[in-house]
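Hi,

Here is the model I said I would pass on.

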Amino acid sequence: MQAPLSSSGRLARIGYLPQRRSFDASLRIRGVDVVRLGLDGDRWGLPMPSFGARRRAARQRVDEVIELVGASAYAHRPIGHCSGGEQQRLLIAQALVRRPQLLLLDEPLDSLDLPNQSAITALISRICHEENVAVVMVAHDVNPILHHLDQVVYLAEGGAASGTPEAVITSPTLTKLYGTPVEVLRTSDGRLVVVGQPEAPAVHTDRHASGLRAGGDRAAG
């Protein structure tokens, strides 16, 4: 394995947002400090005081990305006091602070309510175009992000389907890929909605009554 690259190397061109992290309400670190960690949080030891142009540039960049994601109003609050949507905006700012060319997002809408899902999706789409950043997003529920996608890759049952949303997200393609009926519907405003087969009802077993159920099943057979 090759050695890790410095902030001036290739890894600095990739921003990464892992799956949803929860912050304890008692955590006192500010949102702005969380964003700053994306700039120099990988350096060992105690931070050396910086002066002059370097310090101003770092502060300016942190302020820029906080403004970009619309988090200026609460960036100086403790991160544990921010809502789920506010925390997610600050974490996206952290991933952007080194000016990446590629942004990797792992389930960025997980645990968010519908209004925040819509707001975060629109934010990511805007960043993609305004900052000229390529975005690769992993999502189990594709519906909130469908109308923002340029390309899509579906992985299921050891197979894959890739291409434009219009080419891949069709009832025959997804039904074949998943091996179960999948419907792709179009709403009145032209949006696609993917609807899978309803899940089977959960079966709860009781080990004390298992003999009675087994006997009943055999009799019914």
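A couple of ground rules. This is a predicted model, so local features need pLDDT of at least 70 and side-chain atom pairs count only at pLDDT 80 or more, while totals for chains, interfaces and linings use all residues. Residues are numbered from 1 along each chain as its sequence is written, and side-chain values use heavy atoms, with hydrogens and water left out.

Salt bridges

There are five salt bridges in the structure (a side-chain nitrogen of Lys or Arg within 4 Å of a carboxyl oxygen of Asp or Glu). In general, side chains of opposite charge can pair when their charged atoms come close.

One of them joins aspartate 33 to arginine 30, with 2.9 Å between the closest N and O atoms. Aspartate 33 is partly exposed at 27% relative accessible area, and arginine 30 is partly exposed at 33% (buried means under 20% relative accessible area, exposed over 50%, partly exposed in between, using a 1.4 Å probe and protein chains only).

Another pairs glutamate 130 with arginine 126, closest N and O atoms 3.3 Å apart. These two sit four residues apart in helix α4 (residues 114-130), so about one helical turn separates them. (Helices, H or I with at least four residues, and strands, E with at least two, are DSSP runs numbered from the N terminus.)

Then there is arginine 99 with glutamate 64, at 3.5 Å between the closest N and O atoms. Arginine 99 is in the loop between α3 (84-96) and β2 (102-106) and glutamate 64 is in helix α2 (residues 52-68), so the pair ties together parts 35 residues apart in sequence. Arginine 99 is exposed at 53% relative accessibility, whereas glutamate 64 is partly exposed at 31%.

The core

The largest nonpolar core has 47 residues, and Ile92, Tyr154, Ile169 and Val194 touch the most other members. α3 gives the largest share of this core, six residues. (A nonpolar core is a set of buried Ala, Val, Leu, Ile, Met, Phe, Trp, Tyr and Cys residues joined through side-chain atoms within 4.5 Å.)

Beyond four places in sequence, valine 194 touches residues including Val142, Tyr154 and Ile169 (contact means heavy atoms within 4.5 Å). Valine 142 lies in the loop between β3 (134-138) and β4 (152-156), and is buried at 12% relative accessible area. Valine 142 and valine 194 are 52 residues apart in sequence, yet 7.6 Å apart in space, C-alpha to C-alpha.

Cheers
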